Structure formats: structure tokens, C-alpha cells
Amino acid sequence: MSTVAMLVLTSERLVLRQVRSDDAAALFPVLSDEALMTWWSSGPHRSVEETRTYLEPAAVGNWRSWAITRAGEDIALGWVAAHDRRENVSEIGYILARPAWGQGIAREAVAMVLDQLLVTEGQRRVFADTDPENIHSIGLLTSMGFVREGYLRAEWETHIGVRDSLIFGLLRDEWLAHRQQPADRAAGSSAG
């Protein structure tokens with residue numbers, strides 16, 4: 001498995017750059033939001049220092065973690081992360097501050113990372129793991145062309161107990177076809 005350099009990804013309105021430890025103050029409201037953290041693997045953060053410690057591996061670890069920022073503002077609203085699971089296969093995860101919901105930001109940021117992984121890098125598959133009750137994440141994934149591939153019972157032990165997990169996958173050819181759809185048909189419904 002090869003490690004790919006972390007590139008800055010840009011669109012007209014977003015800049016995705018590596019998550020840094022100094023994003024802790026901006027991301028603490030996200031990671032301390034009890035409702036938002038319900039479906040996360042760990043509970044809500046209680047301090048900015050806890051968030052800073054949490055971000056350190058993201059800044060230098062195995063996951064490539066892109067902070068989502070608006071163009072011209074270097075303030076992290078959340079992130080999209082990708083982890084090489086095997087040759088040409090990555091897992092993605094994402095989180096976005098609640099005030100940024102409903103603006104298409106999550107969709108745009110995830111699409112930028114999918115383009116990087118599946119088009120630029122030529123990976124063959126990307127998958128995501130989400131709680132069966134996380135309707136916002138499921139809505140985002142399915143509206144972007146991901147297909148439900150599996151249901152894992154009692155897969156995770158989290159701060160809210162033992163949880164099942166849904167696996168959604170997207171192949172490169174599916175993503176390329178999805179990108180060709182008219183924007184109104186591809187938009188679907190999502191929290192992002």
C-alpha cells in the first residue's frame with residue numbers, strides 16, 4: 001500500500017487542507033455537540049485540549065484528514081478523512097458543524113475527496129461505515145451513488161453502547177457515471 005501525499009483540494013467556495021492541531025478551537029464546537037456526536041465512535045468532547053489531543057493523529061496519522069474550510073476563510077467547519085484499507089481501496093468518514101448543514105458543503109467536500117481518490121489516484125473502490133440510525137449520513141451516501149453492501153451486527157462498542165453498522169460502497173465507474181448526472185437529479189436529500 002502506497003502513501004499518497006496530502007494535497008490541498010479547492011473548489012470555487014471550499015478549500016480542503018490537512019487538519020492541524022491548531023484547528024482544535026474551531027472544531028471543539030463540532031466535537032462537543034452531543035447530538036452530532038451520537039453516531040461518532042467516541043462521546044462528545046469536554047474541552048478544547050481534548051479536541052487538540054484527538055486531532056494530533058489526524059494531523060500526522062494513517063488517515064488523510066482534510067479540514068473543510070470556506071475559500072478565503074481558514075476556519076475548519078469539519079473534515080473529510082480517507083484511510084487506505086488495501087491497495088486501491090479507501091474508507092472515508094466525515095463530520096460537519098451543524099450551522100453549515102443544508103448548504104451542500106458536506107456533499108461538495110465529500111465529492112472533492114471522491115474525485116481525488118477515484119479519479120486522480122485511480123482507486124477502484126471507496127466505502128463508508130455508518131450507524132443504521134444515522135439518517136443524515138445514509139442520505140448523503142446514497143444520494144452520492146453509494147450502495148448499501150452490508151449490515152454488521154454488534155460491530156462497534158461506543159459511548160452509547162454496542163451498535164450495528166451499515167457498509168456503503170462506491171466503485172470508480174459508479175462515481176464517474178454519477179458525476180455525469182444533472183445536478184438536480186444528483187442532489188437528492190442530505191444534511192450536507
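## Helix H3

The expected span of a helix is 1.5 Å times one less than its number of residues. In this predicted model, helix H3 covers residues 105-120, and its 16 residues should therefore span 22 Å. The end C-alpha atoms of H3 lie 21 Å apart, which agrees with that expectation.

Of the 16 residues in H3, 13 are buried, so the helix is mostly covered by the definition of buried as under 20% relative accessible area. Just after H3, Gly122 has a positive phi of about 75°.

## Overall make-up

The chain contains 6 helices and 8 strands. Along the sequence they follow the pattern β-β-α-α-β-β-β-α-β-α-β-β-α-α.

Of the chain's 192 residues, 46% count as buried. Among contacts between residues at least 6 apart in sequence, 66% join residues at least 24 apart.

## The sheet

An open sheet is formed by 8 strands with mixed pairing, in the order S1-S2-S3-S4-S5-S6-S8-S7. Strand S1 (9-10) and strand S7 (147-158) are the edge strands, and each pairs on one side only. Helix H5 (residues 172-179) packs on the sheet, where it touches S7 and strand S8 (161-171). The direction of H5 makes about 75° with that of S8.

Within the sheet, strand S3 (residues 64-70) pairs with strand S4 (residues 78-86) in the antiparallel sense, over 5 bridges. Ile68 has Gly78 in S4 as its bridge partner.

## Salt bridges

The count of salt bridges comes to 15. One of them joins the side chains of Arg13 and Glu108, at 2.5 Å from N to O. This pair links distant parts of the chain: Arg13 sits in the loop between S1 and strand S2 (14-18), and Glu108 sits in helix H3, 95 residues apart. Arg13 has a relative accessible area of 35% and is partly exposed. Another salt bridge joins Glu149 and Arg125, whose closest N and O atoms are 2.8 Å apart. Here Glu149 belongs to strand S7 and Arg125 to strand S6 (residues 125-130), 24 residues apart in the chain. Glu149 is partly exposed, with a relative accessible area of 44%.

The side chains of Asp23 and Arg17 also meet in a salt bridge, at 2.7 Å from N to O. Both of these residues are buried. Asp23 and Arg17 belong to a salt-bridge network that also links Arg20, Asp22 and Asp74.

Methods. Residues are numbered from 1 along each chain as its sequence is written. This is a predicted model: local features need pLDDT of at least 70, side-chain atom pairs count only at pLDDT 80 or more; totals for chains, interfaces and linings use all residues. Side-chain values use heavy atoms; hydrogens and water are left out. Two strands pair if DSSP finds at least two bridges between them. Helices (H or I, at least four residues) and strands (E, at least two) are DSSP runs, numbered from the N terminus. Contact means heavy atoms within 4.5 Å. Axes are lines fitted to C-alpha atoms, for helices over the stretch in contact, and angles run from 0 to 180 degrees between N-to-C directions. Buried means under 20% relative accessible area, exposed over 50%, partly exposed in between (1.4 Å probe, protein chains only). A salt bridge is a side-chain nitrogen of Lys or Arg within 4 Å of a carboxyl oxygen of Asp or Glu.
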